[in-house]
Amino acid sequence: MALELWTSGELYDVLRDDRMDRIPSHFLDNFFTEQHYSEDREIMFSELPAADRKMAPFVLPTEQGKPIFGVKGESVKSFTPAYIKPKDAVRAVDARTRRPSEILRPGGPPTLTERFDNRVVEIVEYHRRAIKMQWAYMAAKAYIDAKVTVKYARDSGAPHPEVTIDFGRDPNLNIVSTVGWDDPDHDIIGDLSAWSNTMYTVKFGARPSRLTVGADVAPYITKNKGILKLLDTNIRGSEGTTMERGLFNIDVPFTKIATLSGIGQAIDIWTYRDQVQNDDGSLVELLHPKDVILEAPGFRGVKAFGAIYDVDAIESGSIAIDIFPKMFKTDDPGELYVMHQTAPLMIPLTPNRVAKARVLG
């Protein structure tokens, strides 16, 4: 009986798991739409003072006018971006190693040169994808938490020294003590009203228009008695409240649950779930399943990139760039190295347009 081989297409379908193909770049793409490139080690932004509401004083028409104008100083914030530098070798032995899929390639297996070049392309694509995955993670943390923790991998010393970059969200918008949304009698509407008022009063704040909930929170939204009561159109101000019925998939990054009215303005409720992968293969949730974020329109974020610390980048005039690619050889052993360097920092200019709360114990 002859051995029946799989076709290359069948092998592709069997071995490929496309659930992780997409880069979870919702926050990066939608909220960090501005870009900044720096040739310095630090990235600096000036912050103008908020406008005041000082009233002009009354004076008698026969008296002199009163000076009221005063120059307010602006503050400057500086951030030092993290540094990313993946480097992998392409060795001569790689060109000798045949992969099972190459045996089934139409026209026969590739030549040694083709196999070597293919490995270079694979590494380049892998590096760029991993870098953009880190950008997406940094953007999500900067948006959700208003801070990013960077763990440095080192050849010597502490294996993972940590540095936390805090973007200065008002502490009243990081709500850690509110739990109980799993209780159908809990006053979720009251929580949202209080948080909305707080968001409006803080510096550069605004009224929220969206509530995004973690995967564990989503099922309780549709069971909350206060939210269900808003579906009664006999209650004034609840005419715009809607609730999605039936099954919804919380593993899809976004699923709309409801629209609430009657709390100052309408708020859309969405569930969100997406992950990135650690070095050990474990998945990290971008939004904790027990958390919710209340979002106001007008958020401004910047994809900022610091200087590249490489003499070739300086000589080529590419010190201010998002990703600097580089290839170089070593003579003993004879290897080709592929390396990419980037110094990213996703900066929320208006961190008070987002409030975060832990709502489940």
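Predicted model: local features only at pLDDT ≥ 70, side-chain atom pairs only at ≥ 80, totals over all residues.
Two strands are said to pair if DSSP finds at least two bridges between them. Three strands make an open sheet in the order 4-17-16, and their pairing is antiparallel. Its edges are strand 4 (87-91) and strand 16 (324-331), each of which pairs on one side only. From one strand to the next, the twist averages 25°.

If you zoom in on strand 16, you will find 8 bridges joining it to strand 17 (residues 334-341), with the two running antiparallel.

## The chain as a whole

Stepping back for a moment, the chain contains 8 helices and 19 strands. It has 361 residues, and 38% of them are buried. Among contacts between residues at least 6 apart in sequence, 69% join residues at least 24 apart. The chain exposes about 21,600 Å², with carbon and sulfur atoms supplying 52% of that area.

A second sheet to trace is an open one of 7 strands, in the order 7-19-14-8-11-10-9, with mixed pairing. Strand 7 (174-175) and strand 9 (242-243) are its edge strands, and each pairs on one side only. Strands of a sheet pair through backbone hydrogen bonds, either parallel or antiparallel.

Within this sheet, strand 14 (residues 291-295) and strand 19 (residues 354-358) pair in the antiparallel sense over 5 bridges. L294 is a handy landmark, standing opposite A355 in strand 19. Helix 5 lies across strand 7, strand 8 (210-213), strand 10 (254-260), strand 14 and strand 19. Relative to strand 14, helix 5 runs at about 50°.

Start with D191, found in helix 5 (residues 188-201). Is D191 buried or exposed? Its relative accessible area is 15%, under the 20% cut-off, so D191 counts as buried. Not counting residues up to four places away in sequence, D191 touches T178, W181 and H186. With H186 there is also a polar contact of 2.7 Å between the two side chains. D191 and V359 are 168 residues apart along the chain, yet their C-alpha atoms are separated by 10.0 Å.

Next comes D291, which lies in strand 14. D291 is buried because its relative accessible area is 4%, and buried means under 20%. Leaving aside neighbours within four places in sequence, D291 is in contact with T212, V213, G214, V217, K356, A357 and R358. D291 and A215 are 76 residues apart in sequence and 8.6 Å apart in space, C-alpha to C-alpha.

Which backbone oxygen does the side chain of K141 reach? That oxygen belongs to L286, at 3.0 Å. Beyond its neighbours within four places in sequence, K141 is in contact with A146, K147, V148, E285 and L286.

In soluble globular proteins, nonpolar side chains tend to be buried together. Here the largest nonpolar core has 34 residues, and F27, F32 and Y143 touch the most other members. The elements giving two or more residues to this core are helix 2 (26-31), helix 4, strand 5 (147-151), strand 15 (301-305) and strand 18 (344-348). Helix 4 gives the most, with 9 residues.

Leaving aside its neighbours within four places in sequence, Y143 is in contact with F27, F31, F32, R169, I293, E295, F299 and V354. Apart from this core lies another, of 30 residues, among them V202, L211, I267 and I269.

Conventions: Residues numbered from 1 in each chain as written. Heavy atoms only, no water. Helix = DSSP H or I, 4+ residues; strand = E, 2+ residues; numbered from the N terminus. Buried < 20%, exposed > 50% of the residue type's maximum accessible area, 1.4 Å probe, protein only. Contact = heavy atoms within 4.5 Å. Polar contact = N/O pair within 3.5 Å; in protein donor to acceptor, adjacent residues only side chain to side chain. Axes fitted to C-alpha atoms, helices over the stretch in contact; angles between N-to-C directions. Core = buried A, V, L, I, M, F, W, Y, C linked by side-chain atoms within 4.5 Å. Areas by Shrake-Rupley, 256 points an atom, 1.4 Å probe, with all protein chains shown as cover.
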